[in-house]
Amino acid sequence: EVQLVESGGGLVQPGGSLRLSCAASGFTFGSYGMSWVRQAPGKGPEWVSHINNVGGAAYYADSVKGRFTISRDNAKNTLHLQLNSLKPEDTAVYYCAKAPPGWGGAYDYWGQGTQVTVSS
(Lines give C-alpha, C1' and ligand atoms only; values in the text may rest on other atoms or scores of the structure.)
Protein backbone atom coordinates (compact mmCIF):
# COMPACT_ATOMS: atom_id res chain seq x y z
CA GLU A 1 0.00 0.00 0.00
CA VAL A 2 1.36 3.37 -1.05
CA GLN A 3 1.62 5.83 1.82
CA LEU A 4 2.81 9.43 1.82
CA VAL A 5 3.02 11.16 5.20
CA GLU A 6 3.88 14.85 5.40
CA SER A 7 5.29 16.61 8.44
CA GLY A 8 7.01 19.84 9.40
CA GLY A 9 4.24 22.39 8.98
CA GLY A 10 3.39 25.00 11.54
CA LEU A 11 2.94 28.68 12.34
CA VAL A 12 5.78 30.98 11.29
CA GLN A 13 6.24 34.73 11.03
CA PRO A 14 6.70 36.43 7.67
CA GLY A 15 10.30 36.08 6.56
CA GLY A 16 10.71 32.85 8.48
CA SER A 17 11.56 29.35 7.34
CA LEU A 18 10.17 25.84 7.57
CA ARG A 19 11.29 22.46 6.28
CA LEU A 20 8.59 20.06 5.19
CA SER A 21 9.17 16.33 4.88
CA CYS A 22 7.24 13.54 3.18
CA ALA A 23 7.91 9.95 4.21
CA ALA A 24 7.08 7.52 1.42
CA SER A 25 6.41 3.79 1.61
CA GLY A 26 4.78 1.02 -0.39
CA PHE A 27 6.55 1.69 -3.69
CA THR A 28 10.05 2.01 -5.12
CA PHE A 29 10.56 5.65 -4.18
CA GLY A 30 13.66 6.20 -6.31
CA SER A 31 11.80 5.24 -9.50
CA TYR A 32 9.28 8.10 -9.47
CA GLY A 33 9.19 11.84 -9.69
CA MET A 34 7.58 13.64 -6.78
CA SER A 35 5.86 16.98 -6.36
CA TRP A 36 4.63 19.39 -3.73
CA VAL A 37 1.20 20.92 -4.28
CA ARG A 38 -0.50 23.41 -1.97
CA GLN A 39 -4.04 24.57 -1.41
CA ALA A 40 -4.85 27.85 0.25
CA PRO A 41 -8.19 28.46 1.99
CA GLY A 42 -10.94 29.01 -0.56
CA LYS A 43 -8.66 28.36 -3.54
CA GLY A 44 -7.88 25.47 -5.84
CA PRO A 45 -4.72 23.37 -5.72
CA GLU A 46 -1.51 25.09 -6.83
CA TRP A 47 1.49 23.13 -8.05
CA VAL A 48 4.60 24.27 -6.15
CA SER A 49 7.57 22.13 -7.19
CA HIS A 50 8.61 18.87 -8.82
CA ILE A 51 11.77 16.77 -8.65
CA ASN A 52 12.70 13.90 -10.92
CA ASN A 53 13.32 10.40 -9.62
CA VAL A 54 17.07 10.78 -9.05
CA GLY A 55 16.96 14.39 -7.87
CA GLY A 56 18.87 15.69 -10.85
CA ALA A 57 16.19 18.06 -12.07
CA ALA A 58 13.89 20.33 -10.08
CA TYR A 59 11.16 22.70 -11.19
CA TYR A 60 9.37 25.50 -9.36
CA ALA A 61 6.31 27.67 -9.70
CA ASP A 62 7.20 31.30 -10.32
CA SER A 63 5.55 32.24 -7.03
CA VAL A 64 8.13 30.27 -5.01
CA LYS A 65 11.21 30.31 -7.26
CA GLY A 66 14.28 31.46 -5.35
CA ARG A 67 12.61 30.95 -1.95
CA PHE A 68 11.73 27.22 -1.86
CA THR A 69 14.03 24.26 -2.50
CA ILE A 70 12.86 20.72 -3.20
CA SER A 71 15.12 17.76 -2.48
CA ARG A 72 14.91 14.02 -1.91
CA ASP A 73 16.82 11.29 -0.12
CA ASN A 74 16.20 8.05 -1.99
CA ALA A 75 18.09 6.03 0.62
CA LYS A 76 15.59 7.19 3.24
CA ASN A 77 12.50 7.31 0.98
CA THR A 78 11.97 10.94 1.94
CA LEU A 79 11.02 14.09 0.06
CA HIS A 80 11.72 17.55 1.45
CA LEU A 81 10.70 21.12 0.76
CA GLN A 82 12.70 23.94 2.32
CA LEU A 83 10.60 27.09 2.61
CA ASN A 84 12.51 30.34 3.14
CA SER A 85 11.46 34.00 3.14
CA LEU A 86 7.90 32.97 3.80
CA LYS A 87 5.05 35.32 2.97
CA PRO A 88 1.45 35.38 4.23
CA GLU A 89 0.34 34.25 0.77
CA ASP A 90 2.28 31.01 1.28
CA THR A 91 -0.31 29.99 3.88
CA ALA A 92 -1.82 26.71 2.69
CA VAL A 93 -2.02 23.00 3.24
CA TYR A 94 1.01 21.46 1.55
CA TYR A 95 0.70 18.01 -0.01
CA CYS A 96 3.33 15.71 -1.42
CA ALA A 97 2.24 13.74 -4.45
CA LYS A 98 3.66 10.81 -6.40
CA ALA A 99 3.89 11.24 -10.15
CA PRO A 100 3.07 8.29 -12.42
CA PRO A 101 5.50 7.30 -15.21
CA GLY A 102 5.58 9.90 -17.96
CA TRP A 103 4.42 12.60 -15.56
CA GLY A 104 2.34 15.22 -17.32
CA GLY A 105 0.97 17.05 -14.34
CA ALA A 106 -1.28 14.37 -12.88
CA TYR A 107 -0.64 12.33 -9.73
CA ASP A 108 -1.67 8.88 -8.59
CA TYR A 109 -1.12 9.21 -4.83
CA TRP A 110 -1.32 12.07 -2.35
CA GLY A 111 -0.45 12.53 1.28
CA GLN A 112 -2.83 13.92 3.89
CA GLY A 113 -1.15 17.33 3.91
CA THR A 114 0.56 19.55 6.47
CA GLN A 115 -0.63 23.04 7.36
CA VAL A 116 1.69 26.01 6.89
CA THR A 117 0.50 29.30 8.34
CA VAL A 118 2.50 32.48 7.82
CA SER A 119 1.31 35.25 10.10
CA SER A 120 2.62 37.83 12.52
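The legends below describe close-up views of a predicted model.

Residues are numbered from 1 along each chain as its sequence is written, and side-chain values use heavy atoms, with hydrogens and water left out. In this predicted model, local features need pLDDT of at least 70 and side-chain atom pairs count only at pLDDT 80 or more, while totals for chains, interfaces and linings use all residues.

**View 1. Four strands form an open antiparallel sheet.**
The strand order is E1-E3-E8-E7. Strand E1 (3-7) and strand E7 (68-73) are the edges, and each pairs on one side only. Neighbouring strands are turned by 15 degrees against each other on average, direction ignored. Strands are DSSP runs (E, at least two residues), numbered from the N terminus. Two strands count as paired if DSSP finds at least two bridges between them. Angles run from 0 to 180 degrees between N-to-C directions, with axes as lines fitted to C-alpha atoms.

**View 2. E7 and E8 form a hairpin.**
Four residues lie between the two strands. In the turn, Asn-77 has a positive phi of about 55 degrees. E7 pairs with strand E8 (residues 78-83) in the antiparallel sense, over six bridges. Ile-70 stands opposite Leu-81 in E8. Arg-72 has Leu-79 of E8 as its bridge partner.

**View 3. E8 also pairs with E3.**
This pairing is antiparallel and runs over six bridges. Ser-21 stands opposite His-80 in E8. How much of E8 is buried? Five of its six residues are, so E8 is largely enclosed by the rest of the structure. Buried means under 20% relative accessible area, exposed over 50%, and partly exposed in between (1.4 Å probe, protein chains only).

**View 4. The largest nonpolar core holds 26 residues.**
Such a core is a set of buried Ala, Val, Leu, Ile, Met, Phe, Trp, Tyr and Cys residues joined through side-chain atoms within 4.5 Å. Trp-36, Phe-68, Leu-79, Leu-81, Leu-83 and Tyr-94 touch the most other members. Strand E3 (18-25), strand E4 (34-39), strand E5 (45-51), E7, E8, strand E9 (92-98) and strand E11 (114-118) each supply at least two residues. E3 gives the most, with four residues. In soluble globular proteins, nonpolar side chains tend to be buried together.

**View 5. Tyr-94 and its contacts.**
Contact means heavy atoms within 4.5 Å. Residues up to four places away in sequence are not counted. Tyr-94 touches Glu-6, Leu-20, Trp-36, Val-37, Arg-38 and Val-48, among others. Its contacts also include Phe-68, Leu-81, Leu-83, Gly-113, Thr-114 and Val-116.

**View 6. Cys-22 and Cys-96 form a disulfide.**
A search of the whole structure finds one disulfide. The criterion is a pair of cysteine sulfur atoms within 2.5 Å. Here the sulfur atoms are 2.0 Å apart. The S-S torsion is about 50 degrees, so the disulfide is right-handed. Cys-22 lies in strand E3 and Cys-96 in strand E9, so the pair ties together parts that are 74 residues apart in sequence. Cys-22 is buried, with a relative accessible area of 0%. Cys-96 is buried, with a relative accessible area of 0%.

**View 7. Val-93 lies in strand E9.**
Val-93 and Cys-22 are 71 residues apart in sequence. In space they are 13 Å apart, C-alpha to C-alpha. Leaving aside neighbours within four places in sequence, Val-93 is in contact with Val-37, Arg-38, Gln-39, Gly-113, Thr-114 and Gln-115.
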